Each structure stands twice: as C-alpha cells, then as structure tokens.
Amino acid sequence: MPMVEVLDLNNRKVGDLELSDAVFGAEVKEHLIYESVRHYMACRRQGSASTKTRSEVAGSGKKLWRQKGTGRARMGSVRSPIWRKGGTVHGPRPRDYSYRLPRKMQLGALRSALSAKLRDGELKVVKEFTLADHRTKTMAGVLKTLNTAATVLLVDNGVDNRNLDVGSRNLPGVTLALTREVTVYDLLKHKHVVLSEEAARKLSEALA
C-alpha cells in the first residue's frame with residue numbers, strides 16, 4: 001500500500017496516509033492514458049467549421065449566356081464551384097467529433113495517471129485547504145511554501161470553500177477541481193497535483 005506524508009499549508013508533516021494500492025500503485029498503462037486524452041479532446045472539439053455549397057452561396061441562377069454560338073464554354077450559373085466566389089465542393093460541414101469511451105478504460109486511465117504522478121513525486125497531500133482569506137497573494141504564498149511548480153492542479157473534496165475558490169482562480173497555471181471532476185487531461189496538463197486528505201480518501205474509494 002502506498003504511504004504518503006500529509007502536510008499542512010506550511011509544508012510541515014502532520015501525519016501519514018495510506019492510499020489504495022489499486023488506485024495509486026497501479027501499473028501505468030500509457031495506451032489507456034493516450035486513449036483517454038484523445039477522447040477528452042475529441043469531445044471538446046466544437047465541430048462548427050462550415051462551407052457553403054452552390055445552393056447556399058449568394059448569386060443569380062440566371063444562365064450567363066446562351067448555350068451555343070458565343071465561342072465560350074457553356075456555363076449555367078455564377079454559383080458554380082469552378083467560379084470565384086462560387087460554392088465549395090466537399091468542404092467541411094458541422095459535425096460532432098465526440099464518441100463513447102468504455103467506462104473501464106476511463107477509470108483505468110485515471111488510475112494510471114494518478115499512479116504515475118505519485119511515482120514521479122509530483123503528488124502532494126495536505127490536511128485541508130484552510131486559508132486565512134480569499135486573497136490571491138495568500139494562495140500564491142501557500143503554493144510557494146509547498147514548493148509546487150508553475151502549473152498546479154488542486155483537488156478538494158467538494159465542500160464549499162470560498163477562500164480556496166476565489167484565491168486560486170486568478171493564478172495562471174493553477175486549476176481547482178472537485179474529486180468527481182478530475183480528468184486524465186488535467187492530471188497530465190499540470191506538473192504537480194495537490195490533494196486534500198479527504199479528496200485522496202475519496203479517490204481511493206471511488207476508483208478502487
């Protein structure tokens with residue numbers, strides 16, 4: 001069973017926490033992590049790129065000149081795709097890029113990402129996020145004391161914590177997420193992950 005130190009916001013050890021071996025000590029399966037991130041990015045794609053066909057572009061439908069006798073190539077409409085400002089052939093149309101990824105694969109990818117963070121020493125557990133106020137300067141000082149990198153993912157247990165929410169929202173590279181909102185993409189995007197003790201327990205129970 002992985003054992004991690006529980007710190008206070010002054011970076012002092014206040015205890016130890018035993019984490020689930022199935023969640024934080026699992027085999028790191030890179031192919032699952034790849035599939036999860038690919039799925040996440042596909043679901044976020046807007047898919048709104050669109051071009052107009054010859055039936056949608058503006059322009060008269062009148063035949064430009066008579067069919068025969070002018071010496072010019074026959075032409076029926078200024079909206080033809082071979083004309084400038086005409087319709088587009090086989091251009092992009094609005095579409096949905098999302099697809100379904102099996103739940104077992106998503107959970108396996110989360111276990112792999114959390115295990116990799118713990119293995120690489122990029123995961124910290126704090127007793128709780130009890131800040132004196134909601135000032136950004138206070139939150140920045142806490143992160144500096146905890147020796148975190150420029151990009152940090154903060155994970156709390158879902159209890160309303162206004163000081164943490166307001167204090168972290170304006171810090172570049174810092175993201176606050178609830179335990180039920182943690183994604184593999186967020187774990188990989190941020191160099192360090194800081195969990196509250198309660199959040200670490202919930203993840204151990206939910207993903208085991």
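1. Read along the sequence, the protein chain runs β-β-α-α-α-β-α-β-α-β-α-β-α. That comes to seven helices and six strands. The model is a predicted one, and the points below should be read with that in mind.

2. Overall form. The C-alpha trace spans about 95 × 40 × 25 Å along its principal axes. The radius of gyration of the protein chain is 27 Å, whereas a compact globule of 208 residues would have one near 17 Å. Of the 208 residues, 38% count as buried. The chain exposes about 12900 Å², and carbon and sulfur atoms supply 48% of that area.

3. Contacts along the chain. Take the contacts between residues at least 6 apart in sequence: 67% of them join residues at least 24 apart.

4. Six strands form an open sheet in the order 2-1-3-6-4-5, and their pairing is mixed. Strand 2 (13-18) and strand 5 (174-178) are the edge strands, each pairing on one side only. From one strand to the next, the twist averages 30 degrees. As background, strands of a sheet pair through backbone hydrogen bonds, either parallel or antiparallel.

5. Strands 1 and 3. Strand 1 (residues 3-7) and strand 3 (residues 123-126) run parallel and are joined by two bridges. Leu7 stands opposite Val126 in strand 3. Helix 7 (residues 197-207) packs on the sheet and touches strand 1, strand 2, strand 3, strand 4 (152-156) and strand 6 (192-196). The direction of helix 7 makes about 95 degrees with that of strand 6.

6. Glu5. This residue lies in strand 1. Glu5 counts as partly exposed because its relative accessible area is 44%, which falls between the cut-offs of 20% and 50%. Leaving aside neighbours within four places in sequence, Glu5 is in contact with Lys13, Gly15, Asp16 and Val125. The C-alpha atoms of Glu5 and Asn161 are separated by 23 Å, and these two residues are 156 residues apart along the chain.

7. Helix 2. Helix 2 (residues 30-44) has 15 residues. From its first C-alpha to its last it reaches 21 Å, close to the 21 Å expected at 1.5 Å a residue. Which residues of helix 2 are buried? They are Leu32, Ile33, Ser36, Val37, His39 and Ala42. An α-helix has 3.6 residues a turn, so residues three or four places apart point the same way. The buried residues of helix 2 pack against helix 3 (103-119) and helix 6 (184-189).

8. Thr179. This residue is found in the loop between strand 5 and helix 6. Is Thr179 buried or exposed? Thr179 is buried, because its relative accessible area is 16%, and buried means under 20%. Apart from neighbours within four places in sequence, Thr179 is in contact with Val155, Asp156, Asn157, Ala199, Lys202 and Leu203.

9. Two residues to check for backbone angle. Most residues other than glycine have a negative phi. Lys85 is not a glycine, yet has a positive phi of about 70 degrees. Lys85 lies in the loop between helix 2 and helix 3 and is exposed, with a relative accessible area of 66%. Asn147 is not a glycine either, and has a positive phi of about 60 degrees. The place of Asn147 is the loop between helix 4 (136-145) and strand 4. Asn147 counts as exposed because its relative accessible area is 52%, and exposed means over 50%.

Definitions and conventions
Residues numbered from 1 in each chain as written. Predicted model: local features only at pLDDT ≥ 70, side-chain atom pairs only at ≥ 80, totals over all residues. Heavy atoms only, no water. Pairing = 2+ DSSP bridges. Helix = DSSP H or I, 4+ residues; strand = E, 2+ residues; numbered from the N terminus. Axes fitted to C-alpha atoms, helices over the stretch in contact; angles between N-to-C directions. Contact = heavy atoms within 4.5 Å. Expected span 1.5 Å × (residues − 1). Buried < 20%, exposed > 50% of the residue type's maximum accessible area, 1.4 Å probe, protein only. Rg over C-alpha atoms; globule rule 2.2 N^0.38 Å. Areas by Shrake-Rupley, 256 points an atom, 1.4 Å probe, with all protein chains shown as cover.
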